[in-house]
Amino acid sequence: MLTTTQGPLWALCAFLAVVSAPLVNAQQLGVPQASVVTLSGEELFTKSAFGQRVLREIEKESALLAEENERIVAELSREERELTDQRATLPAEEFRPLAEAFDLKVQSHREGQRAKLDVLARRSEEAQQTFFEIVRPVLVDLLREFGASVMIERSNVVVSTSDITEAAITRIDAVIGDGSGLQEGKGE
């Protein structure tokens, strides 16, 4: 027979046993427990195989764009020198349309190159968004394994003893690798 004090005490013990059971399982796995863990999203992306692949691709495209820009600048410089030479021999009414056409060509080049740079920047942002959509289930699993209920961006925290960025990178690389297979699968 339960006494008046044994009833609430027993209920509390039963409650604690049910609540702490998942924590005991996680602790048996050797995973430190924390109700809140931190993670660096930037580091997660840039150090993961997926992020490194994307960054290499964008860097390669940026280098090609820089080479193209150098070729166009060299061509425009040559045209500008020719135009400068013509200025001495042509009447102003003949030179003015040539100079205006050259200015339009330079402006068009600048706008075209800026648009290409914007496309690369958008591609990088889209790749990061895709990455975080793909890895969300992996992060949720890690959150559970660490016995945590909240994951906070590390840059928003002054001090943390429960940063899981490295563990997340390792797990994500194991699950999705560099993501190239995932990218190809989307187009099929």
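Q: Where does I152 lie?
A: I152 sits in strand β2, residues 150–153. Strands are DSSP runs of E with at least two residues, helices are runs of H or I with at least four, and both are numbered from the N terminus.

Q: What kind of model is this?
A: This is a predicted model: local features need pLDDT of at least 70, side-chain atom pairs count only at pLDDT 80 or more, and totals for chains, interfaces and linings use all residues. Residues are numbered from 1 along each chain as its sequence is written, and side-chain values use heavy atoms, leaving out hydrogens and water.

Q: OK, back to I152. What's its relative accessible area?
A: It is 31%, so I152 is partly exposed. Buried means under 20%, exposed over 50%, partly exposed in between, with a 1.4 Å probe and protein chains only.

Q: Which residues make the nonpolar surface patch?
A: V36, V150 and I152 make a patch of about 180 Å². Patch residues have over 30% relative accessible area and no salt bridge; nonpolar side chains are joined within 5 Å, like charges within 9 Å. Areas are Shrake-Rupley values with a 1.4 Å probe; for residues, only the protein chains shown count as cover.

Q: And T38, which strand?
A: T38 is found in β1, residues 36–39. T38 counts as buried, because its relative accessibility is 3%.

Q: What does T38 touch?
A: Beyond residues up to four places away in sequence, T38 touches I152, R154, V157, S160, S162, D163, I164 and T165. Contact means heavy atoms within 4.5 Å.

Q: E43: buried or exposed?
A: E43 counts as buried, at 17% relative accessibility. R154 is partly exposed at 30%, and D163 is partly exposed at 31%.

Q: Which residues are in the salt bridge network?
A: E43, K47, R154, D163 and E166 are linked. The whole structure has 13 salt bridges.

Q: What does R123 bridge to?
A: E57, with the closest N and O atoms 2.7 Å apart. R123 lies in α4 and E57 in α3, so the pair ties together parts 66 residues apart in sequence.

Q: How far does α4 reach?
A: Helix α4 (92–145) has 54 residues and reaches 78 Å from its first C-alpha to its last, close to the 80 Å expected at 1.5 Å a residue. The expected span is 1.5 Å times one less than the number of residues.

Q: Where is the kink in α4?
A: At V135, about 45°, shortly before the proline P137. The bend is the angle between axes fitted to the seven residues ending there and the seven starting there.

Q: What about F132, what is it in contact with?
A: Leaving aside neighbours within four places, F132 contacts G41, L44 and F45.

Q: Which residues are buried in α3?
A: F50, G51, R53, V54, I58, L65, L76, E79 and L83.

Notes: A salt bridge is a side-chain nitrogen of Lys or Arg within 4 Å of a carboxyl oxygen of Asp or Glu.
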